[in-house]
Amino acid sequence: MTKQDRLKHAAPFADLRDLVACPVCDTLARLSSVPLGGQGRCKRCHHVLAMPRSNAMTRIVMLAVTGAILMVGAVSFPFLTIETHGLRQQASVLDTILAYSDGLMVPLSLAMAALIVVLPLMRLVAILYTVAPMALGHHPIRGATQAFRLAETLKPWAMAEVFIVGVAVALVKVGGLATLTIGPAFWAFAALVLITVVNDNLMSSLIIWKTLEARGSI
Ligand SMILES: [Zn+2]
């Protein structure tokens, strides 16, 4: 078989590798033509499939490291101080979690620890494990595919933002009864939620899967 014949036979498969299915409506799309800084959308439902950005991997790593540091601060620093009738009570997120660690409330305590702290932190570590070596120009390290699959699975379960909305509602209710002072952990949590949103928008799962495939991890 001549080289030309081989190319002719390989071409349809090369074309197939370039196709991706929209996660919302399953319509197939070709993303190789999306320019840097542009957006690749599904032709049928307009779901954003890819947004190639320059240095996206480095930015994802920076944001994930910042998120992990903020999470440590958010857990260890005071979250809120309540003062009323001469009584003063200061609490951190850890105190709040441990407050339910007795009797029938133990499952609630475990769920709070998992959904607010452990799962978001695990997700950040899994993203770093997958993306950091590739951002430095190396091949993905062993288990990168499984780590990124874990990060994708954990996405709906990492609920730090739900916690901050709940706290905001509670603050409005309690605000009339006592003097509230917001601690540094509150701002660390608020910044963490913003960073998570920016990182999720920047991180195109499809492009990371494609890069893992191209660099031989899948
Ligand atoms: Zn679609």
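Start with the whole chain in view: the C-alpha centres of domain 1 and domain 2 are 34 Å apart. This is a predicted model, in which local features need pLDDT of at least 70 and side-chain atom pairs count only at pLDDT 80 or more, while totals for chains, interfaces and linings use all residues. Residues are numbered from 1 along each chain as its sequence is written, and side-chain values use heavy atoms, with hydrogens and water left out.

**The two domains**

Colour residues 1-52 as domain 1 and 54-214 as domain 2; these bounds come from an automatic or database domain assignment. Now select the residues where the domains touch. Ten residues of domain 1 are in contact with six of domain 2, contact meaning heavy atoms within 4.5 Å. About 580 Å² is buried between the domains, and carbon and sulfur atoms give 64% of that area. Buried area here is the accessible area (1.4 Å probe) that two parts lose on being put together, summed over both. Zero salt bridges are found across this interface; a salt bridge is a side-chain nitrogen of Lys or Arg within 4 Å of a carboxyl oxygen of Asp or Glu.

**The zinc site**

Select the zinc ion next. Its donors are the SG atoms of Cys22, Cys25, Cys42 and Cys45, at 2.3 Å. Donors are N, O and S atoms within 2.8 Å of the metal (3.2 Å for Na, K and Ca); water is not among the atoms, so sites may look incomplete. The four donor atoms subtend angles of 100 to 117° around the zinc ion, which makes the arrangement tetrahedral. Four donors count as tetrahedral if all angles lie between 85 and 135 degrees. Along the chain the donors follow the spacing C-x2-C-x16-C-x2-C. Cys22 sits in the loop between β1 (19-21) and β2 (28-30), and Cys45 in the loop between β3 (40-41) and β4 (48-50), so the pair ties together parts that are 23 residues apart in sequence. Strands (E, at least two residues) and helices (H or I, at least four) are DSSP runs, numbered from the N terminus.

Compare the two cysteines in a surface view. Cys22 is buried at 1% relative accessibility, whereas Cys45 is partly exposed at 30%. Buried means under 20% relative accessible area, exposed over 50%, and partly exposed in between (1.4 Å probe, protein chains only).

Stay in the loop between β1 and β2 and pick Asp26. Its phi is near 70°, a positive value in a residue other than glycine. Asp26 is exposed, with a relative accessible area of 58%.

**Strands β5 and β6**

Move to the loop between β5 (78-84) and β6 (87-92), where His85 lies. The phi of His85 is also positive, near 50°, and His85 is exposed at 79% relative accessibility. Select Glu83 and Arg88 as well: they form a salt bridge, with the closest N and O atoms 3.9 Å apart. Glu83 is partly exposed at 34%, and Arg88 is exposed at 56%.

**The helices**

The whole structure holds two salt bridges. Asp200 is partly exposed at 22%, while Arg123 is buried at 5%.

Finish at helix α5 (residues 144-154), where Ala144, Thr145, Ala147, Phe148, Ala151 and Leu154 are buried. Their cover includes α4 (106-135) and α8 (205-214).

Key. Tetrahedral: all angles 85-135°; square planar, octahedral: opposite > 155°, others 65-115°.
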